[in-house]
Amino acid sequence: ATPTALLVGTGRGAQQGILIKGPEVLEASTGIDAVVLDKTGTVTTGAMQLTSLLSARQWGGEYEDTDLLRLAGSLESASEHPVAHAITNAAREALGSRSGSLPRPQDFRSHAGTGVSGEVEGHHVLVGRRRLMESSGIKLPSEVRELVTEGEAHGSTAVLVAIDGEFSGILTVSDTVKETSAEALAELRRLGMDPLLLTGDNEGAARRVAEEVGISNVVSDALPEDKVATIKGLQSQGKTVAMIGDGVNDAAALAQADLGIAMGTGTDVAINAADITVIRGDLRSAADAVRLSRRTLRTIR
Ligand code: ADP
Ligand code: MG
């Protein structure tokens, strides 16, 4: 390999908003025949919106809509997750002119792939999936399971709120697919890569997005370690795997993949773990990156 050609390849990448970590990355791009894609922020915009709010007052809960939103929104202001942004933004909007006054959470903790917890105004607040509620010993009314399942069947993401150990409400958020994602998927296929959608989100939300962009293989409800296991599983079937992601929860999977591609719009943790970063966060650039790497390698061989 002539170093000059490699440098030309990586230089051309930079012009297209594709950052390649080093020349050794190009080699990895040749045999890729499977591509695993994170959902939120990778295939979708990650600009989630709050679509519904249901306080638990009908089950004897103590908090009404605005209190629920204020406490959950305050807690989520410490999280970078798209679900968190949706809730914090909605809380700021609902509180109007008092928006500057969302109280700061204390003892904030992020529970990978399930939710967050912390203290707000002296209350212990928990926001996340049913799994997080159950592992924290929160008792849920029997109807909640159905309400969550129903929301999920419509392709939404439902998160539960508990305040001081009591179930206090359900928030539903929803995401939209990036305009360029379907085209990018077609392009990745043309490059010989078989796609799989891999997400920590629920199956309904995952299926809706997969259908919209033409992916038939879906793994949902995946914790960060399940994401790694999914990549390893494909590798043990003899596949050479590219992983495209943006979240903290994708970092280990990006490192495990034969080629890790991070969205430049995502977290630093993901970018550091990846071999390639596509600056604009456009999935088409991920396909461009693979094409460019292969072409550069052909030139120098
Ligand atoms: P993805 O793989 O789609 O990026 P994550 O693994 O980051 O998803 O998150 C999986 C699920 O965990 C989310 O769909 C949500 O239900 C829950 N979750 C994660 N972070 C938060 C948060 N800050 N607040 C509430 N729920 C969260
Ligand atoms: Mg993500």
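Two strands are taken to pair if DSSP finds at least two bridges between them, and by this criterion strand 6 (123-128) and strand 7 (157-163) of the predicted model pair in the antiparallel sense over four bridges. Within this pairing, glycine 128 stands opposite leucine 160 of strand 7. Strand 7 also pairs with strand 8 (residues 166-174), again in the antiparallel sense, and here seven bridges are found; alanine 158 stands opposite threonine 172 of strand 8. Strand 7 and strand 8 form a hairpin with two residues between them, and aspartate 164 in the turn has a positive phi of about 50 degrees.

The burial of strand 7 was then examined residue by residue. Seven of the seven residues of strand 7 are buried, so the strand is largely enclosed by the rest of the structure. This holds for both faces, with Thr157, Val159, Val161 and Ile163 buried on one side and Ala158, Leu160 and Ala162 buried on the other.

At the level of the whole chain, the division is into domain 1 (3-45 + 177-300) and domain 2 (49-174), whose C-alpha centres lie 31 Å apart. The contact between the domains takes 13 residues from domain 1 and 10 residues from domain 2. On the side of domain 1 that touches domain 2, helix 3 and helix 9 (203-213) each supply at least two residues, and the largest share, four residues, comes from helix 9. By class, this side of domain 1 comprises three nonpolar, seven polar and three charged residues.

Ligand 1 is surrounded by 22 residues, of which the closest are Thr40, Ser79, His81, Gly200 and Asp201. The elements that give two or more residues to this shell are helix 3 (39-43), helix 5 (82-95), strand 5 (115-120), strand 6 and strand 7. In its composition, the shell around ligand 1 has five nonpolar, 12 polar and five charged residues. Because domain 1 and domain 2 both give residues to the shell, ligand 1 lies between them.

A further sheet was identified as an open arrangement of seven strands in the order 1-13-12-11-2-9-10, with mixed pairing. Its edge strands, each pairing on one side only, are strand 1 (18-20) and strand 10 (217-219). Neighbouring strands of this sheet are turned by 20 degrees against each other on average, when direction is ignored. Towards one end of the stated order, strand 9 (residues 194-198) and strand 10 run parallel and are joined by three bridges, and leucine 196 stands opposite asparagine 217 in strand 10. Helix 10 (residues 224-236) lies across strand 2 (34-38), strand 9, strand 10 and strand 11 (241-245), and runs at about 160 degrees to strand 11.

Arginine 70, which lies in helix 4 (residues 65-76), counts as buried because 21 C-beta neighbours are found inside 10 Å, where the cut-off for burial is 20 or more. When residues up to four places away in sequence are not counted, arginine 70 touches Ala91, Leu95 and Leu102. Arginine 70 and glutamate 121 are 51 residues apart in sequence, whereas their C-alpha atoms are 10 Å apart in space.

Conventions:
Residues numbered from 1 in each chain as written. Chains lettered and ligands numbered in written order. Predicted model: local features only at pLDDT ≥ 70, side-chain atom pairs only at ≥ 80, totals over all residues. Near = placed C-beta within 6 Å. Nonpolar A, V, L, I, M, F, W, Y, C, P; charged D, E, K, R; others polar. Domains from an automatic or database assignment. Contact = placed C-beta atoms within 7 Å. Axes fitted to C-alpha atoms, helices over the stretch in contact; angles between N-to-C directions. Buried ≥ 20, exposed ≤ 12 C-beta atoms within 10 Å, placed from the backbone.
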